[in-house]
Each structure stands twice: as structure tokens, then as C-alpha cells.
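Please read the points below alongside the sequence and the coordinates.

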Amino acid sequence: MTSILTRAFRNLPVTSTWAFKFSVRSLSCSSQQLTAAVQTQSKKTLSKPNVKNIVVVDGVRIPFLLSGTSYKDLMPHDLARAALKGLLQRTGIPKDSVDYIVYGTVIQEVKTSNVAREAALGAGFSDKIPSHTVTMACISSNQAMTTGFGFIASGQYDVVVAGGVELMSDVPIRHSRKMRKLMLDLNKAKTLGQRLSLASKFRLNFLAPELPAVAEFSTNEMMGHSADRLAAAFSVSRTEQDEYALRSHRLAKKAQDQGLLTDIIAFKVPGKDTVTKDNGIRPSSLEQMAKLKPAFIKPYGTVTAANSSFLTDGASAMLIMSEEKALALGYKPKAYLRDFVYVSQDPKDQLLLGPTYATPKVLEKAGLTLKDIDVFEFHEAFSGQILANFKAMDSDWFAQNYMGRKSKVGAPPLEKFNNWGGSLSLGHPFGATGCRLVMAAANRLRNDGGQYGLVAACAAGGQGHAMIVETYPN
């Protein structure tokens, strides 16, 4: 497929300076201009007859930090507990009013495999509240949210807390399989002779550790390698990728400086200072970024550390209710959660194209078009991934030959896209990003006067997710 895509997309128009020009223009315009740019006329609501309205009352996250920094001595449940406590403080929800808690995570700490339960108990929630943990790669907290959505829509519960957590500073490292087998057999041995016999089988290479998999199990290819191939297939240049990454960092820095990232709560790290902001936002220059060597395909690849999301520690949490319950408790929700879809495709050549496949499906399901969307929040795994999705979404040929569609859905307009930064700059704790995306969309809609937001993300395994968020009326 890669060679076919390369030939087909080599001449598609993505200029080498669009991202940089937009980043400069975005940073120079006033907040009133930004508001005017997305201000829309009142549209129809997406409420459906005889279907419960599901609302987000509010959501929070602790600051997303580079792995190996302030959170490095903690455990995942410590981060999740901090997010849950922050949600309780932000919303004032009585702990006994919550019916269920569901969390997403990717690399599980074996001591707290059901991190949702351990974090909930640590945050002071009743031990009578059921909790479970889900995993779906980079869309794990998306799955947590939609699981809660399903609980409420089906009438099983009224109040659900959903969230996600990831701690990349301390990932489980196992003994080799041979060493594990030897240790288990030694534990079962009953006599000295049996133990000595087993010990004689030990070899030094048994001590080689097994690191968590950084490659797709089905293809044995690293995601960065796949991103490099995808960028090449869609003729996305190194310069274009660096320009997009620079845009993400500049917009994130602007949002941070203007106090727009209101979902962040301060976190007093035990034994350390209080953390109040993300620490991965680092606007650089194209000249400095150009000096970096390819990270995956050497020496000719285009994906580098500067145009990739970085390993991140963090946690998020959201309070989701039926609208009826929220109003009965006296809350003014931030947004409705509307239609959503999950998609899957070839994990080898279409690993990171989840947004391309999910976007037209969720728009059709909601009865909307791309022009109806006021705010786009897409997960930025790599600059090349975002730009390749733009090209695929804007191609009739790709829609017809790979998606079985008559025509393209179109690429999101940049003036509405990730205007407060994205995963490239804010960070990407695998299990927590989905909630950040939804809260960014909800907060941007309220800030800019828009009505509909579209959240989308790719994930390992060739999977993807998209959801429509509708702002709650004043």
C-alpha cells in the first residue's frame, strides 16, 4: 500500500510553509479575532427523542510532565488519585453520589492492575462504589468515557467518573521468560536435589531483561517507524513536520500564558514542590529543530524527537452524568457528549489513520458536515501523522479506493484546529489523553462561542476514535 499511496499523493498540495505562516498569524491575532473566527450562528441541537442526554459537568487533569521528572518516584495510582481528588474539589460532588468509576491505562503496574479501584479508594471514595480499568492504547480514556456514557444511556447509573492515567517514568521490566520459568520451577521444587538440578540449568543470558513492547505485536514495527513510512507515503516533508510541531508548541505556550488551560489542577508532589503547569511546552526554532537526527529510520527518515510526542506522566478525570441528574444536583454542565465511533484498520500501513476513518462516520451519525464543526481536537502522536491524515481526509482518491466512500470528507480548517496546542507540546500520557481532548474541546467551545466540537485520535493496533461534543447552552 505504501508504494501506491506514495505515487497517488506525491502531488497533493501541502505547501512547505503553511504551518509556520499559520502559527505566526495565530500568535499575533487578538482573542476577539480568534472568537470571531469560530463564532457560528445558532445550529440545531443534537438531542434525540427518547434518548438520554449525557453531559460533562467538568473535568480536570494534573499537569502533564516529561517522564523522569517530578512524578518519577510515584506510582500510577498516586497520579490518578490526585486527579480524582482534584475533580472532587473542582465539582464539589459528594463522594457517595458517584455510582461508578472507570479509568483507562496502557502500561499497567502489576501491583495495581485495576488502577481505577486503587485510586478511588485512595481518593476517599466509598468502598461500595464499583470501579474498573480499561485499556485501548492511546484511546484508553476515550473508552473509559464512552463506557460511562453507555452505563448512563442504558439507565444503569446516573453519575460516572471517567479518567485515565499513565506513568512512563517507571514501567514494569520483567525477567526473561527462561528466568521466570526457572524461578517458578524452583519455587515448586521440594527437595535439595530438585533445586540443585534446576539451578544447574541457569545460564547468564537468562538475566537479560524484557522491556515493555514498543512495537506493534502483529507487525513487530515501532510506531515511530510506521509514522515515518506514513509521512513518506503521503509526501509529507521533514520541514512540514517541524513547522507543524513548532505551531503546536507556540499555541500551547500562548494558551498557557493566557491562562486558558483551566482543566489543570495543582498537584503537591510528596516530598517535592507543587506542580502547576505542563513542562513539555518548549517552543524552539526551525533552525534548532533541523539539527536533530532522524529517530527511527536512519539516516533518511523525517520523524525526529522534535516532531514526535514525548513520553509523559499524567492523569485526568471527568464527571459525567445524565442531564436530568446534573440539573437535579444543581450543576451547570459544560458540554453534551453526543455521537461517537470506534474504527479499526490495517495496523501495518494504516496504523495512524484512525481520524481519517472515524471522522466521516461520526459526522454522518450526528447528521453534521465538516463545516458545522467549530472546534477540532485531534491527538498529535506525530506531526507526520497529523499531516498525513489531513491529506487522506482531503483526497477523493483515498476515500474511494481505501474507505469505500464516494467522496472525501475534507481536511479540518487550521484556524479551528488544536488552537491551544496538542499532544506534541502538552504531552501524551497514553491512558489520559482522551479526557484532555474532550475537555479542551468543551472549554474552547465555551471560550470561543462555538457549538460543536469534534475529537479524534489514532491508537496502536490500527484503531481510532471520534466523538462529537456539543457545548451546553447558557
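1. Helices (H or I, at least four residues) and strands (E, at least two) are DSSP runs, numbered from the N terminus. This is a predicted model, in which local features need pLDDT of at least 70 and side-chain atom pairs count only at pLDDT 80 or more, while totals for chains, interfaces and linings use all residues. Residues are numbered from 1 along each chain as its sequence is written, and side-chain values use heavy atoms, with hydrogens and water left out.

2. Thr 146 belongs to helix H6 (residues 140–153). Its relative accessible area of 6% makes Thr 146 buried; buried means under 20% relative accessible area, exposed over 50%, and partly exposed in between (1.4 Å probe, protein chains only). Contact means heavy atoms within 4.5 Å. Setting aside residues up to four places away in sequence, Thr 146 touches Phe 340, Tyr 342, His 465 and Met 467.

3. A nonpolar core is a set of buried Ala, Val, Leu, Ile, Met, Phe, Trp, Tyr and Cys residues joined through side-chain atoms within 4.5 Å. The largest one has 48 residues, and the members touching the most others are Phe 234, Leu 454 and Ile 468. Two or more residues each come from helices H9 (223–233), H10 (238–257), H13 (354–366) and H14 (383–393), and from strands S9 (335–344), S10 (375–378), S11 (452–459) and S12 (463–471). H14 gives the largest share of this core, 6 residues. A second, separate core holds 41 residues, among them Val 115, Phe 267, Ala 315 and Tyr 331.

4. What does Ile 468 touch, not counting residues up to four places away in sequence? Its partners include Leu 46, Tyr 336, Leu 337, Val 362, Leu 363, Ala 366, Leu 368, Ile 373 and Leu 454. Arg 338, Asp 339 and Gly 453 are also among the residues that Ile 468 touches.

5. H9 is mostly covered, with 9 of its 11 residues buried. The buried residues of H9 include Met 223, Asp 228, Arg 229 and Leu 230. Ser 235 sits in the loop between H9 and H10, and its phi is near 55 degrees, a positive value in a residue other than glycine.

6. Two further backbone features can be checked by eye. Most residues other than glycine have a negative phi, and most peptide bonds are trans. Asn 50, which is not a glycine, has a positive phi of about 60 degrees. Asn 50 is placed in the loop between helix H3 (31–38) and strand S1 (54–61), and at 86% relative accessibility it counts as exposed. The peptide bond from Lys 298 to Pro 299 is cis, with omega near 5 degrees. Pro 299 is in the loop between helix H11 (286–290) and strand S8 (312–322).

7. Axes are lines fitted to C-alpha atoms, for helices over the stretch in contact, and angles run from 0 to 180 degrees between N-to-C directions. Helix H4 (residues 76–91) packs on helix H5 (residues 115–122) at about 55 degrees, with the axes 8 Å apart. H4 is therefore oblique to H5 (under 35 degrees is roughly parallel, over 145 roughly antiparallel, 65 to 115 roughly perpendicular and the rest oblique). On the H4 side the contact includes Ala 80, Arg 81 and Leu 84, and on the H5 side it includes Val 115, Glu 118 and Ala 119. By class this contact has 6 nonpolar, 2 polar and 3 charged residues; Ala, Val, Leu, Ile, Met, Phe, Trp, Tyr, Cys and Pro count as nonpolar, Asp, Glu, Lys and Arg as charged, and the others, Gly among them, as polar.

8. The axes of H10 and H14 come within 8 Å and cross at roughly 105 degrees, which makes H10 roughly perpendicular to H14. Glu 240, Gln 241, Tyr 244 and Ala 245 in H10 meet Ser 383, Gly 384, Ile 386 and Leu 387 in H14. The residues of this contact divide into 4 nonpolar, 3 polar and 1 charged.

9. Is Gln 345 buried or exposed? Gln 345, in the loop between S9 and H13, is buried, with a relative accessible area of 11%. Apart from neighbours within four places in sequence, its contacts include Gln 350, Tyr 357, Gly 461 and Gln 463.
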